[in-house]
Amino acid sequence: MAAPKRSFSKRSSRLAGLGRRLAAGVGALGLLAVMPAAVQAQSQTKPPAKPQLEGAVQRAARSGQLVLSGFADVPPLMMVSPQGQPSGYGILVAERIAAELSQAVGRPVSVRFAPISDPASLVNSITSGKADLACGLPFSWAVDMQVDFSLPIGLSGVRLLAPTGRFDGSPAALSGRRIGVVRQSLGETELRGMQPKATPVAFDSLKAAVAAMQAGTVEGVIGDTIVLAGLVRQQGLPGLELSPALPYEAYAVSCVLAENDSAFRNVVNLAIARLLQGYLDGQPDTVTAVNRWLGPASALGGCAVGG
């Protein structure tokens, strides 16, 4: 006898739960909030990339690798252990894409993480063919002039990290306060727009901004919700909270790939759709894999920073 179908109410409950987690700043974690505007500036000034002669599917068939570009210390999106082993939600997404590629090309395909340190080189790593994929970027028309976006892999947003009780999350509370931001980031732009009387203090990374807050140099840090939560959990920092309950600015995030590579884009979108559908359907391996980074025991699940 066929197993009964999952009830609509159970599916709706799971969907709502995932949605709340995404709305709090999950998913692929919006690198725009920690990435200087050089990424977009590069896209606006460079001419559109020419179609590559060899697409990512052909490269995977030849090399057996899917090359993922990104930063090495933006937990829980991507981290690299002292032994050089990458992990994180972005790696999970890339591994699911590699598995789909394996089926398409008829040979095993593994993920090779190629970390970058210069934000301006992220888009170039894709357009130049040095990497096949980068995950965690919010959509923008400027970046879309250079690369193609996949289906969304989650949502994130800009929020304030500060000692518990120091701020109420309102823009008015930021007036006259020194707030850490990543230089030329969405967080900096958002702070200047919503509270001109605040004093933005620019850093090269959210990690540096959080360290300055711990040292008392700034009173709070504005940036990507999920990366801030990941840093707090990674470093075991007590007594901090993210506010407000809803982000100052929310955005969907996706993977990006070379422009006009439709064969690869189809594989990427199919893998992402299957990952998200598997989570909503309650497939045990998928639920466990996603919850490791975004679930109750992850950085998002901590009451002090989870929102």
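The entries below cover ring pairs and then salt bridges.

**Basis.** I worked from a predicted model, in which local features need pLDDT of at least 70, side-chain atom pairs count only at pLDDT 80 or more, and totals for chains, interfaces and linings use all residues. Residues are numbered from 1 along each chain as its sequence is written, and side-chain values use heavy atoms, with hydrogens and water left out.

**Aromatic pairs.** I paired rings of Phe, Tyr and Trp (its six-membered ring) with centres within 6.5 Å, taking planes under 30 degrees apart as stacked, over 60 as edge-to-face and the rest as tilted. I found two aromatic pairs. Phe139 and Trp141 are edge-to-face, because their centres are 4.9 Å apart and their planes stand at 85 degrees. Phe139 and Phe149 form a tilted pair, at 5.0 Å between centres and 55 degrees between planes.

I used relative accessible area: buried is under 20%, exposed over 50%, partly exposed in between (1.4 Å probe, protein chains only). Phe149 is buried at 12%, Phe139 is partly exposed at 41%, and Trp141 is exposed at 68%.

**Salt bridges.** I required a side-chain nitrogen of Lys or Arg within 4 Å of a carboxyl oxygen of Asp or Glu. The whole structure holds eight salt bridges. One of them joins Arg62 and Glu54 at 3.0 Å; Arg62 is exposed at 54%, and Glu54 is partly exposed at 29%. Another joins Asp148 and Arg265 at 2.9 Å. Asp148 is buried at 13%, whereas Arg265 is partly exposed at 25%.
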